[in-house]
Amino acid sequence: MINWEELKHIHVIRKLQQIIGQWFYAEVFFLDERGNVRNYDPYDRQREFKNPLCGNLLPKDQGREFLLNFFKETSERFSQDKENSWVMNGPLGFEKVFASKVTLDGEYLGAVIAYCHVEGSVPADKLQAAAQVMEQRGMDRELFEQAAQKMKSLNPAEVKYFYELVALVSQEITTFHTEISKREARIHALSNQLENRYSYNQMIGKSKPMQELYSMLDKVSSSEATVLIQGDNGTGKELIARSVHFNSPRKTAAFVTVNCSAFNENLLDSELFGHVKGSFTGAIKDKKGLFESAHNGTLFLDEVGDMTLTMQVKLLRVLQQGTLTPVGGTEERKIDVRVIAATNRDLKAMIEEGTFREDLYYRINVINIQVPALRDRKEDLPVLIDHFLLKSCKEKEVPLKQITARAMEKIFDYQWPGNIRELENEVERLVVLSGTDPKVGPELLSPRIRDAVASSGSGGGKSMSFKFAGKLKDALEELEKTMIKEGLRRTKWNKSKLAKELGISRAGLIMKVDKYGLDKRKLMRDAELAAAAAAAGGIPNGNGNKGEAA
Ligand SMILES: Nc1ncnc2c1ncn2[C@@H]1O[C@H](COP(=O)(O)OP(=O)(O)OP(=O)(O)O)[C@@H](O)[C@H]1O
Ligand SMILES: [Mg+2]
């Protein structure tokens, strides 16, 4: 099923609709598989219609019913037909409608209907007949006739572009839907494959790397071995250290964290190993060091790569001997701690540089745990986001919010550097910014995430608006050029008039004339050549089309 709601956020689709409205005065409607119009809200009184007939019919109950019924019937017949596009007469008898199917693997998912245009002028008898019918239905005859007269008449060259653009809209919808379905299927397949664990203590993640981590933690926790946890910033190193401790036989004793980077070298000994009363000025009583506080429990040496070399030596001694002497003390004290260390630094490289002691490295690296970065386990994004949404909404006492598919797509495309903290902050930010709105759309995302462009090979394919940009740009420029060229001839080079017709400024038009090299003399010459060629037997003109030049 297509997520019709999301389509209004797709830039390419919006742009196409806008162009179709502006150039051809046609209104683009999305019909779902049952023929219901999905991008028109009868209660939206602000909506402006580019198409004068829609402006006349849709705001009135009778007119709306008339048009929507026509769409529904059309959709029913269209869905049975094997053609993918239809040009048909509209319900009023003088207007043309173009419809293009949205299909996936041959299945009819809906249609895009462009309503509508006339070819040539509106025949007076048909207009009268239609006006009579509308009058009988209770519409204002005069207003209806005025609207009908304002309809845009398209020439064959314009009609061709018009149909192409509308067909592009339906293709874009299919592409968008396919992308989203592929992602959902991938996530689904992964979750099935690992019907395993969705979380481990407070750690969330269903991906393969996380499953491996969990089984590793199972084994590690019950042992007494020293553990070194390595991973990028905010990947959950501390969470893992806690989980090891709280699943170990030492769980009833203390878990003490030492932040090695925050240490003041002078206070180091006393902080780590404690001191006895009177050992230095200010040591007014005995004080236990962090090592002793962790007795029978776990000592977590966080940011162990930030330790100075002096401190490394002292630490190594305690680890090797299992005893320590408090500052100013004389007796050695035996301590029983399990050490877990963590760092985001490359200790091997530090050993090479001489900033980390090799013997200490081997002492702490008995069991090594590498924590996967978020960018390497994007399939965990949905469960993590759900988790953080729930947490944040609960904290803020607001009803649980939902992140739209479009915003999710952006979140997937972003190359998360490490970092779960960043994701958590982002979700919290979204909860705040969305206010009372239960849905969180992509416009609220932080700019770096909103503007993320998918890199190939991750998360399943490029963002399709990106992929399509080149093709669309060319098509639009070609269209613009043709429209201007044709308009210049028709208005006999009256640029003010043409600019008004096209809804752009005169200066803007002049720039475009320049850009496309639509020089008056050159065009005249081309036209003469084309006319001569046509007279001589229909040689294609400069555009490659058969003699359509006027
Ligand atoms: N797998 C996970 N599931 C849920 N929350 C997680 C997970 N991993 C980390 N977090 C959360 O992300 C935040 C960062 O985690 P933590 O402090 O453990 O990371 P870290 O690797 O120690 O970070 P740093 O490199 O900054 O020291 C914490 O709020 C933590 O609760
Ligand atoms: Mg940390």
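This is a predicted model: local features need pLDDT of at least 70, side-chain atom pairs count only at pLDDT 80 or more; totals for chains, interfaces and linings use all residues.
**Entry 1: aromatic pairs.** I began with a search of the whole structure, and it turned up 16 aromatic pairs. I then looked at the rings of Phe162 and Tyr163: their centres are 5.8 Å apart and their planes stand at 40°, so I noted this pair as tilted. For burial, Phe162 has a relative accessible area of 0% and is buried. Tyr163 is buried too, with a relative accessible area of 15%, because the cut-off for buried is under 20%.

**Entry 2: a pair across two helices.** Next I turned to Phe273 and Phe291. Their ring centres are 5.9 Å apart with the planes at 25°, so this pair is stacked; planes under 30 degrees apart count that way. I was pleased to find that the pair links distant parts of the chain. Phe273 belongs to helix H10 (residues 265–273) and Phe291 to helix H11 (residues 290–293), with the two residues 18 residues apart. I checked burial here as well: Phe273 counts as buried at 8% relative accessibility, and Phe291 counts as buried at 0%.

**Entry 3: a cluster.** Which residues form one aromatic cluster? I wrote down Phe29, Tyr40, Phe49, Phe70, Phe71 and Tyr115.

**Entry 4: charges over rings.** Last, I looked for lysines over rings. I found Lys101 over the face of Phe78, at 5.2 Å from the ring centre. I also found Lys160, whose charged end sits over the ring of Tyr161, 4.8 Å from its centre.

Conventions: Residues are numbered from 1 along each chain as its sequence is written. Chains are lettered from A and ligands numbered from 1 in the order in which they are written. Side-chain values use heavy atoms; hydrogens and water are left out. Rings of Phe, Tyr and Trp (its six-membered ring) pair if their centres lie within 6.5 Å; planes under 30 degrees apart count as stacked, over 60 as edge-to-face and the rest as tilted. Buried means under 20% relative accessible area, exposed over 50%, partly exposed in between (1.4 Å probe, protein chains only). Helices (H or I, at least four residues) and strands (E, at least two) are DSSP runs, numbered from the N terminus. A charge sits over a ring if NZ of Lys or CZ of Arg is within 6 Å of the ring centre and within 35 degrees of the ring normal.
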